[in-house]
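Here's a walk through a two-chain model, starting with one chain and working out to the contact between the two. Keep the viewer open as you read.

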Amino acid sequence: MPGADKETELSERIEAFLSELKRCGSGAGSLRGSAETARETTSLLRRITAQARWSNAGDLMEIIRKEGRRMTAGQPSETTVGNMVRRVLKIIREEYARSRGSTEEADQQESLHKLLTSGGSSEDNFRQHFTHLKANVIEAINELLTELEGTTDNISMQALEHIHSNEVIMTIGRSRTVEAFLKDAARKRKFHVIVAECAPFCQGHEMATSLSKEDIETTVIPDAAIFAVMSRVNKVIIGTQTVLANGGLRAVNGTHTLALAAKHHSTPLIVCAPMFKLSPQFPNEEDTFHKFVSPHEVLPFTEGEILSKVNAHCPVFDYVPPELITLFISNIGGNAPSYIYRLMSELYHPEDHEL
Amino acid sequence: MADSVGRQSDSINHATGKINRLELFKRKELTKEEKQRLRKEKKQHKKNKKDDRGPPEKEKEKEKASVPAPSKPATQSPAHKAAPVPVNASASESPVAAEKPAKSKAELRAERRARQDSERASKQGKKEGGQQSTSSKPKATPNELQPVVKRLPDHVQVDDPVALKKLAKKLERQQVRQINIVMLCLLSDCCPLTDDGFIQVFSEITLHIPVTVIHPSIVRLGLQYSQGIIAGSNARSVALLHAFKQVIQDYSTPPNEELSRDLVNKLSPYISFLSQCRPLSASMGNAIKYIKKEISNIPSQCKEEEAKRILQECIDSYINEKIILASEAISKYAIEKISDGDVILVYGCSSLVNHILCEAFEKQRKFRVIVVDSRPRLEGREALRRLVKKGIRCTYVLISALSYILPEVSKVFLGAHALLANGYVMSRVGTSQIALVAKAYNVPVLVCCETYKFCERVQTDSFVSNELDDPDDLIVTRNGKTHLENWQTFKSLGLLNLVYDVTPPDFVDLVITDLGMIPCTSVPVVLRVKNVDQ
């Protein structure tokens, strides 16, 4: 039966994606950028929308939620997967509301006023069937995909406003967004970049060679020298893995030290992060916040005699509180960290925060 | 410098000018014609300097741009490397070649910087012609990262050709041959001599050190410093003092000279040599000051044997009091600060802090230690080994994981390389970061430092007078890929490997010294008290 074939193909694709996620996550650092993950998740969700069997919006949301839970469970640290799932859920809600004819504002935010006046919750079972819902949803997901493809360019376009001539800019590790940002600015301006190498993965090396190929003056420093050179730095520009709901960051390890050093010297800290990295999670010291990789990066097996008597840790991420951040540059423009919670409400529906 | 003009060999060597930096140090004396030619060139160089008195950076670049050009053939890749480097093929021809233009570490670094600066300047000069003053900022960044070769008493800015000429002149006066330090083991007892009295070492290099000028134990010491075999300020000071004891032992007063004056003069070239191998630390500087003072205080009617004995005793007592007993006193104070159940964070390998922790463990304090380490030196592993051998429970992380591990920590113990007169702590690079993050988490930071490391310098940032380590140490191979392998081929890429940094006093809660526990800002008080004593 053609239907069954499609279904098995679909589940195969989902399985393949899941195993890809699991494998990538175990390597040190992400082997694929978050942008690719976001795009692949969205395409997969579009495929699910197109091929899965559902009759009304509620069913579709259930299916997507279920798949979303499985995908996030595959790699909890890869938050873009969950973010894309939530975006798609919000798209479905919007399209449903539009098909029903009610205004989009209707059940958007929970406000105190609404809680008091509406009495019973405006619960929509999403059970009504609309013929064009599928097409609308798929079209909206296509728009989302287009938006995803343009994020890096949108961020890079803002580079010239923030980087001036003869500035010394500091960054840490390797972020494709920041790389594009700096390369775009380098077309018109001359500045100097200091890259902290970010041990033990030393992704800063790759970043530095890539920047120097574009004739940007780059210097690589070891992590220990971050505070020492900070007095000469005009701006710190970093990328991040996730932007948390309170405006804080979950970024590569060493970023908190960098942020503290920048604060001490009153150097502005600019975070270049596309909107798909915004996650409705609040920071907490649960197991899901920190991710560890094999400590042989830190203390290699050649140090055999002492290895058994020593605990070695190799965390991958750092939490950076929002007070240390000056500005977020995203594909929709620049924002202060205190505004992030509002942006979140535009992207995700509050009921979807917990998948 | 009137006397230098009179001396024949000097006129050759200080006529460096634009072209002849290479020929600084030659074994043979030059002929009269050559001397005249060099004198002329020197005059020409002075005239040229007066002529193009444009923006100072431009002038420096011109000079440096022309200087590295002729020197390129002689110094290819070693030009940018620091001391421990096997000299390559060019050096292997040297025993055959009559003159090997030996270069000093400082000059090699200067040339590398100069080359980078000139290239950067030429690029910038083309693009931003009108912004001469502003374009100096990114150039200023590498310029000010130059190491200052010595800290006391000669401050040499390596990017200043005039100062370098003066230094070369002075060294030549002291008859110190600047050598290109190579990777080898030099043991004075198994070192064969060439026919003309020079030390022949294992590799194909001949070090042009006349044995009669520099004492072999000083040569050995210099090589051990430059290779990092002896590292850590206490170890370096103790080794220096032992070497000086040997020198004093072998010293014999020439006729018509007084021991107190002549010995001091004899020591000066040794000290210059050592500072060429590796810049002197504050502790070494203080030790040298002490020795010189003791030597000058020897009464003139004292017999030579008696004087030597006195000096040996002085050195022994200095080591005993200032280093060994001081560390005992510091341990006693510090152990009061360690309570049961503490989680103590240490950084890198400080002999003093390790000693304190071992003593505390022996006194049955229950604590565990977190050792923080950083690339590229990875000195923390040595500390880890020592502590684990004692049986202390340890955790090991890299400095980038500091924010993760700090919430567990109750105290931070740091060692110091020197304490500056404005209260700043100069220590291994990364210490200031530890103090910064500890402050953010409200963890007390205790610095342990003996008083002989207190120095009268002041500085506020980590660039002025710092050491640069070998930049190739930063290169690492991960997953089979070495990204920075050919970093020299990328013109815009630079590697910076600092050795020290300064920690502001607001990050430090307490300094434990042999005189007691003092705040950071009391350092000048201690210095004054010490001076009054002496």
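## Chain A at a glance

Of the 355 residues in chain A, 57% count as buried, where buried means under 20% relative accessible area, exposed means over 50% and partly exposed is in between (1.4 Å probe, protein chains only). This is a predicted model, in which local features need pLDDT of at least 70 and side-chain atom pairs count only at pLDDT 80 or more, while totals for chains, interfaces and linings use all residues. Residues are numbered from 1 along each chain as its sequence is written, chains are lettered from A and ligands numbered from 1 in the order in which they are written, and side-chain values use heavy atoms, with hydrogens and water left out.

Chain A has 13 helices and 11 strands; helices (H or I, at least four residues) and strands (E, at least two) are DSSP runs, numbered from the N terminus. Take the contacts in chain A between residues at least 6 apart in sequence: 80% of them join residues at least 24 apart. Contact here means heavy atoms within 4.5 Å.

## Helix 9 and what sits on it

After helix 9 of chain A comes A:Asp215, with a positive phi near 65 degrees.

A:Thr218 belongs to strand 3 of chain A and, at 2% relative accessibility, counts as buried. Its side chain reaches the backbone oxygen of A:Ile216 at 2.8 Å. Leaving out residues up to four places away in sequence, A:Thr218 touches residues of both chains, including A:Ala208, A:Leu211, A:Ser212, B:Leu493 and B:Gly494.

Chain A has an open sheet of 3 strands in the order 5-6-9, with antiparallel pairing. Strand 5 (242–243) and strand 9 (317–320) of chain A are at the edges with a single partner strand each, so one side of each has no neighbour in the sheet. Strand 5 of chain A pairs with strand 6 (residues 249–252) of chain A over 2 bridges, and two strands pair if DSSP finds at least two bridges between them. A:Thr242 has A:Arg250 as its bridge partner.

A:Pro295 lies in the loop between strand 7 (269–272) and helix 12 (304–307) of chain A. At 34% relative accessibility, A:Pro295 counts as partly exposed. Beyond its neighbours within four places in sequence, A:Pro295 is in contact with A:Ala312 and A:Cys314.

## Where the chains meet

The contact involves 56 residues of chain A and 59 residues of chain B. About 5,100 Å² is buried between chain A and chain B, and carbon and sulfur atoms give 62% of that; buried area is the accessible area (1.4 Å probe) that two parts lose on being put together, summed over both.

The rule finds 2 salt bridges across the interface, a salt bridge being a side-chain nitrogen of Lys or Arg within 4 Å of a carboxyl oxygen of Asp or Glu. B:Arg375 forms one with A:Glu197, with the closest N and O atoms 2.7 Å apart. Helix 9 of chain A gives the largest share of the side that touches chain B, 6 residues. There's a strand link as well: strand 8 of chain A and strand 5 (residues 393–398) of chain B run parallel, joined by 3 bridges. Within that link, A:Val310 has B:Cys394 as its bridge partner.

## A buried strand in chain B

In strand 9 (residues 445–448) of chain B, B:Val445 and B:Val447 point one way and B:Leu446 and B:Cys448 the other, and all are buried. Strand 6 (residues 411–415) of chain B runs parallel to strand 9 of chain B, with 4 bridges, and B:Gly415 stands opposite B:Cys448. Strand 12 (residues 510–513) of chain B is also parallel to strand 9 of chain B, with 3 bridges; there, B:Val447 has B:Val511 as its bridge partner.

How values were computed:
A polar contact is a pair of N or O atoms within 3.5 Å; within protein, one must be able to donate a hydrogen and the other to accept it, and residues adjacent in sequence count only if both atoms are side-chain atoms.
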